[in-house]
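These are my notebook entries on a structure that I had not examined before. I began with the whole chain and then turned to single elements and residues.

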Amino acid sequence: MNRQELADLIFPDAKDISYYEEKYPERNLPEGAVVTRFAPSPTGFVHIGALEQCIVETSLVKKSGGVLILRIEDTDQKRKIENGVQGIIDSMKDFDIIFDEGMVSETESVGDYGPYIQTQRKEIYEAYAKYLLVNDRAYPCFATEEELAELRKKQEEAKLNNIGYYGEWAMYRDLPAEEAAERIKKGDKYVIRFKAMGKEDGRITHKDMVKGKVEMPQNIMDIVIIKGDGLPTYHFAHAVDDHLMHTTHVIRSSEWFPSVPLHLELFHSLGFKAPKYCHYAPMLKSEAKVDENGNVILDKNGEPVTFKRKISKRKDPEAAVSYYHREGIPAESVKEYLMTIANSDFEMWRKNNETADLYDFPFALKKMSTTEGALFDMDKLIDVSKNVIATFSAEKVYEDVYAWAERYDEILSGMLQDREYSLRVLGIERGAEIKKKRKDIGKWSDVREYISYMYDDQFGADDVEYEYQVISDRDTLTKVFTLYAEEYYYPSDDSGQWFDRMKDLAERIGYAREVKIWRKAKDEWPGHVGDVSTALRVGLTGRRNTPDLYQIMQVMGEDRVRARLKLAAERLS
């Protein structure tokens, strides 16, 4: 029996690979167009690192007129979850990641290079596995779990550098075709293994698009390419899929970098041109070290001793992209932050291009981190988000926060029912004409606390704690509220007139009408106009720090302002 006959026995219905080469022709794209793919497994939530990858891919594809594919790698059927594909699609839609090709729902796809779910491509993998069998680059392996465990034990006892199925340890590598055929006909269980041609002391030179030129060991492992259930392993499937889908760039975390020699050998053994590999450092998280009792270990200065680790799906809620949606951190903010991680010069570019689209940034693979990944910093993300939200119009803030509140915050949703009033509230110190934009909101879950004082049902006399500053005695405060309401409050005033009356009130109660006057003679004045306006601010809002008081009063309206001043005076008595 020859290799062709053995291959026919194993894969009797497999087509010749020429059929698929003709079925999936070269793409008609501009020169230099990037074709890449996001290829998750439907086994759980989408990781924040995967979102970073998609942002990088989207940037490259948009600039080159290329194609971004959503391909589902579901060959690990044991870990597959219900509606896993739809979960991936929905998670990416939350961040405005739209794929040009691939899956668009749990069962539907778009594009001419599918199927885009690996379990539906079984016959394709069989054709290419058969090709490798015929060309003596693959073989059936009958090793049992017990045999593999014994092999590993012997390798470990011998203290070998390489542990695995290779070379002299590959016990079925050179099994004659006749004997293999007899065992298959007898019903013995087997897998298909790749026949590696690397040597233990052999080296290859590889140019990575991020890491640059790198020398690596040759692949020596006879890995499984078709499992006992007939499905391919990731290594084999990705090579076949990327070839037939004409992938030009494979962008992935550097955790996959050690697999490059294997993947290159797979491509070459199949007669394929390998894509350009782009391996970047994954995001890390800083964590305090603890002793055996769970106590944080401190250094000689009393500071926690920390170490860096990968963001964990099990330990870290922020690992899931759904976390940011729940917290109400806008998709725009998360993407901006991830771009700062992906390319360090993005922040400077953003300062010089405040209103430009994220994907106008001249992203460069060579500027990605190659060794140690950036530390994920939630505080930095919130700072970025404050800057992003500060650029939003009142209409966008309202629409986005209302949509979030409808799902996650019933009280806030109720507050926002009055659309016109809420638009005015959220429009305070907001707009393209505002040079110094206020940056109080970092996420939608902050909004209720941020604006609650503007809503009477959230501003109850029993709930508000008035904490005054310079002016704190009851008589002076009562005078400020009473005089202002009776003689100095004119709802139709513009901001200049409003502040002039504030100065007049300050002078009326014996305070300096100008801060600069008070500074020159602090002993002559108990305070200045700013202290008077602060007293009014606290009386009207219950807070010492708010946006512009004039705008707040304009939005509140006359009835509400007078009612608040009366309430503040009553609290004092």
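**Entry 1: contacts and overall form.** The model I consulted is a predicted one. I looked up the contacts in the protein chain with a separation of 6 or more, and residues 24 or more positions apart account for 72% of them.

I then recorded the dimensions: the C-alpha trace spans about 110 × 55 × 40 Å along its principal axes. The radius of gyration of the protein chain is 33 Å, whereas a compact globule of 573 residues would have one near 25 Å. I noted 23 helices and 13 strands in the chain. Of the 573 residues, 51% are buried. The chain exposes about 28,800 Å², and carbon and sulfur atoms supply 46% of that area.

**Entry 2: the nonpolar core.** Which residues have the most contacts inside the largest nonpolar core? I found Tyr128 and Phe236, in a core of 174 residues. Helix α3 (residues 48-64) gives the largest share of this core, eight residues.

**Entry 3: strands.** I traced an open sheet of four strands, in the order β1-β2-β3-β4, with mixed pairing. Strands β1 (35-38) and β4 (109-110) stand at the edges; each has a single partner strand, so one side of each is left without a neighbour in the sheet. Strand β2 (residues 67-70) runs parallel to strand β3 (residues 101-103), and two bridges join them. I located the bridge partner of Ile69 in β3, which is Glu101.

I next examined strand β5 (residues 138-141), which is covered on both faces. Ala138 and Pro140 are buried on one side, and Tyr139 and Cys141 are buried on the other. As background, I noted that side chains in a regular strand alternate between the two faces of the sheet. Strand β6 (residues 191-194) runs antiparallel to β5 and is joined to it by four bridges. Within β6, Ile192 is the bridge partner of Pro140.

**Entry 4: helix α16.** I listed the buried residues of helix α16 (residues 419-426) as Tyr421, Ser422, Leu423, Val425 and Leu426. These buried residues pack against α14 (394-408), α15 (410-415), α17 (447-451), α22 (549-556) and α23 (558-572).

Entry 5: Is Thr75 buried or exposed? I counted Thr75 as buried because its relative accessibility is 8%, and the cut-off for buried is under 20%. Thr75 is found in the loop between β2 and α4 (84-93). Leaving aside neighbours within four places in sequence, I found Thr75 in contact with Gln118, Thr119, Lys227, Leu231 and Pro232. A polar atom of the Thr75 side chain lies 3.5 Å from the backbone oxygen of Pro232. I also checked Thr75 against Met171: the two are 96 residues apart in sequence and 26 Å apart in space, C-alpha to C-alpha.

Thr476 is found in helix α18 (residues 474-488). At 17% relative accessibility, Thr476 also counts as buried. I noted a polar contact of 2.6 Å between the side chains of Thr476 and Asp473. Not counting residues up to four places away in sequence, Thr476 touches Ile471, Ile509 and Tyr511.

Methods. Residues numbered from 1 in each chain as written. Predicted model: local features only at pLDDT ≥ 70, side-chain atom pairs only at ≥ 80, totals over all residues. Heavy atoms only, no water. Buried < 20%, exposed > 50% of the residue type's maximum accessible area, 1.4 Å probe, protein only. Polar contact = N/O pair within 3.5 Å; in protein donor to acceptor, adjacent residues only side chain to side chain. Contact = heavy atoms within 4.5 Å. Core = buried A, V, L, I, M, F, W, Y, C linked by side-chain atoms within 4.5 Å. Rg over C-alpha atoms; globule rule 2.2 N^0.38 Å. Areas by Shrake-Rupley, 256 points an atom, 1.4 Å probe, with all protein chains shown as cover. Pairing = 2+ DSSP bridges.
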